[in-house]
Amino acid sequence: LIVVLISLSLLGLILLQTSWLNNLLEVRKVQLYGRVQTAASKVAVDFSRVVHSGGSSGTRLPQRKGFKFGIDLSRFLRPLSIEDRFSQRDVYNKLRTAFDEVDLKNLQFEFAITNVNDEFEMQSAQFETEFLDTVNNQRVFIPIVPESGTEMEGIGPYEHLIVVVPDFKKQVWNSLKWVIAGAIFFMLIILAAFYVTVKTLLNQKKLSEIKSDFINNMTHEFKTPLATISLAVDALRNDKVQQDKTKMNYFSGIIKEENKRMNKHVETILQAALMEKQELKLNLVPLSAHEIILKAVENFELQLKDKGGDVELLLDADNDTVLADDVHFANLISNLVDNAIKYSKENLLIKIRTKDIGKFLMISIEDNGIGMSKETVKRIFEKFYRAHTGNVHNVKGFGLGMSYVKTVIDAHKGKVKVDSVLGKGSTFTIEIPLAES
């Protein structure tokens, strides 16, 4: 429900921002066009003052040669034009200054001046090309009208200043780039917050499931020894058993073994909690990996016989001396072998291989057990995670073994990976640094 509500809110915000940006774009178009028109009109008024009122604001006053004495008589027969007073560079500079004053410093533009016959008497380099493109460009026509009260007023027709703004819509977008960037930035922050919220909710749900699984596993693990201890205590209260020293020793031995089993479980849980709070402290010393593997296999000899299993050792590494913690490295190997035995089926075969690769020793433990699904492979190293087996609780444990393996191998700056096929078996491969020779 929370995901749906937040998703709808985000969708609404995106739609509102899109509508707002479209409206802002239209407003900015009108504003930009108005500023261009204002600036161009100001330049046109300046031209009018100089040309029609006899001012001297330009830099160009051409002297046209006539037939005699270098005098152009036609100059006295027609009014002055913009071309007579200003060069193309002058016109550009005036327009550029005017646009800068109305905060259009980055505006690109082309311009032209037409005479009284609507013929182009002056134009910028790209004006003709841009003038013809009426789809992408915006055009502004400003008549250069004499000021009220001058002798030229009302004589008309007049010259025109034409300004073309190329890629008008693109330039409008450019003027809004910081607004758009800000809107996108804050929207991304909202999306990130949404992602974090959803991820947190899913993690909480996952943790709740893990907690439930852990409690169920712990209940099963403690229920069996408690029941066994209860039966043994009841047996010890029997008068016949009390008179038989052999039976007394037998039942008291059961109580002791089950008590040790429960203590081992408690120790495992406490160790997991300790590893979560602080980093694993290692006492690194040179160790023979082959010796530790052989010892681990020997410790599981009874369990292997009980399951009719066998171990094939292919210890081919020329250098098996690793820099590791004696206790934790031995536990790591034991956990991997124990895992192979736990999740086994008939005719169990475990293959343990070693190989030195550069500065690392590779150890692989392969079994032909029940294997794992892709989902289980992804989560096998998560704390408390165990593959779902329905209501069947035939495999003991809290789901801490593989998490411990990952923690230990990471602390040794090594690597661990798992390959598994459901129904065919699994292969755990670890790489651990070799001791420097």
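## Ground rules

Helices (H or I, at least four residues) and strands (E, at least two) are DSSP runs, numbered from the N terminus. The model is predicted: local features need pLDDT of at least 70, side-chain atom pairs count only at pLDDT 80 or more, and totals for chains, interfaces and linings use all residues. Residues are numbered from 1 along each chain as its sequence is written, and side-chain values use heavy atoms, with hydrogens and water left out.

## The chain as a whole

The protein chain holds 13 helices and 11 strands. It has 437 residues, of which 35% count as buried. Buried means under 20% relative accessible area, exposed means over 50%, and partly exposed lies in between (1.4 Å probe, protein chains only).

Contact means heavy atoms within 4.5 Å. Take the contacts in the protein chain with a separation of 6 or more: residues 24 or more positions apart account for 70% of them.

## Two loop residues with positive phi

Asp 167 sits in the loop between β4 (159-165) and α5 (168-175). Its phi is positive, near 45°, and the residue is not a glycine. Asp 167 is partly exposed, at a relative accessible area of 39%.

Asp 103 belongs to the loop between α3 and β1 (110-114). It too is a residue other than glycine, and its phi is positive at about 65°. Asp 103 is exposed, with a relative accessible area of 54%.

## Helix α3

Asp 103 follows α3. This helix covers residues 88-101, 14 residues in total. From first C-alpha to last, α3 reaches 20 Å, close to the 20 Å expected at 1.5 Å a residue. The expected span is 1.5 Å times one less than the number of residues.

The buried residues of α3 include Asp 90, Val 91, Leu 95, Arg 96, Ala 98 and Phe 99. An α-helix has 3.6 residues a turn, so residues three or four places apart point the same way.

## Helix α11 against α9

Helix α9 (residues 289-299) packs with helix α11 (residues 326-342): their axes come within 9 Å and cross at roughly 50°. Axes here are lines fitted to C-alpha atoms, for helices over the stretch in contact, and angles run from 0 to 180 degrees between N-to-C directions. The two helices are therefore oblique to each other. Angles under 35 degrees count as roughly parallel, over 145 as roughly antiparallel, 65 to 115 as roughly perpendicular, and the rest as oblique.

The crossing of α9 and α11 is right-handed. A crossing is right-handed if the near helix is turned clockwise from the far one by less than a right angle, and left-handed if anticlockwise. On the α9 side, the contact involves Ala 289, Ile 292, Ile 293 and Ala 296. On the α11 side, Asp 326, Phe 329, Ala 330, Ile 333 and Ser 334 take part. By class, this contact has 7 nonpolar, 1 polar and 1 charged residues. Ala, Val, Leu, Ile, Met, Phe, Trp, Tyr, Cys and Pro count as nonpolar, Asp, Glu, Lys and Arg as charged, and the others, Gly among them, as polar.

## Helix α11 against α13

α11 also meets helix α13 (residues 401-411). Their axes come within 9 Å and cross at roughly 145°. This crossing is left-handed.

From α11 come His 328, Asn 331, Leu 332, Asn 335, Leu 336 and Asn 339. They meet Gly 401, Met 402, Tyr 404, Val 405, Val 408 and Ile 409 in α13. The contact has 7 nonpolar, 5 polar and no charged residues.

## Beyond α11: Ser 344

Ser 344 lies in the loop between α11 and β8 (349-357). It is buried, with a relative accessible area of 13%. Leaving aside neighbours within four places in sequence, Ser 344 is in contact with Lys 307, Gly 369 and Ile 370. Ser 344 and Asp 367 are 23 residues apart in sequence, and their C-alpha atoms are 7.7 Å apart.

Val 416 is in strand β10 (residues 415-421). It is buried, at a relative accessible area of 16%. Beyond its neighbours within four places in sequence, Val 416 is in contact with Phe 381, Val 405, Lys 406, Ile 409, Thr 429 and Ile 430. Phe 381 is 35 residues from Val 416 in sequence and 9.8 Å from it, C-alpha to C-alpha.

Thr 224 is part of helix α6 (residues 177-236). It is partly exposed, with a relative accessible area of 33%. Thr 224 and Met 262 are 38 residues apart in sequence and 9.7 Å apart in space, C-alpha to C-alpha.
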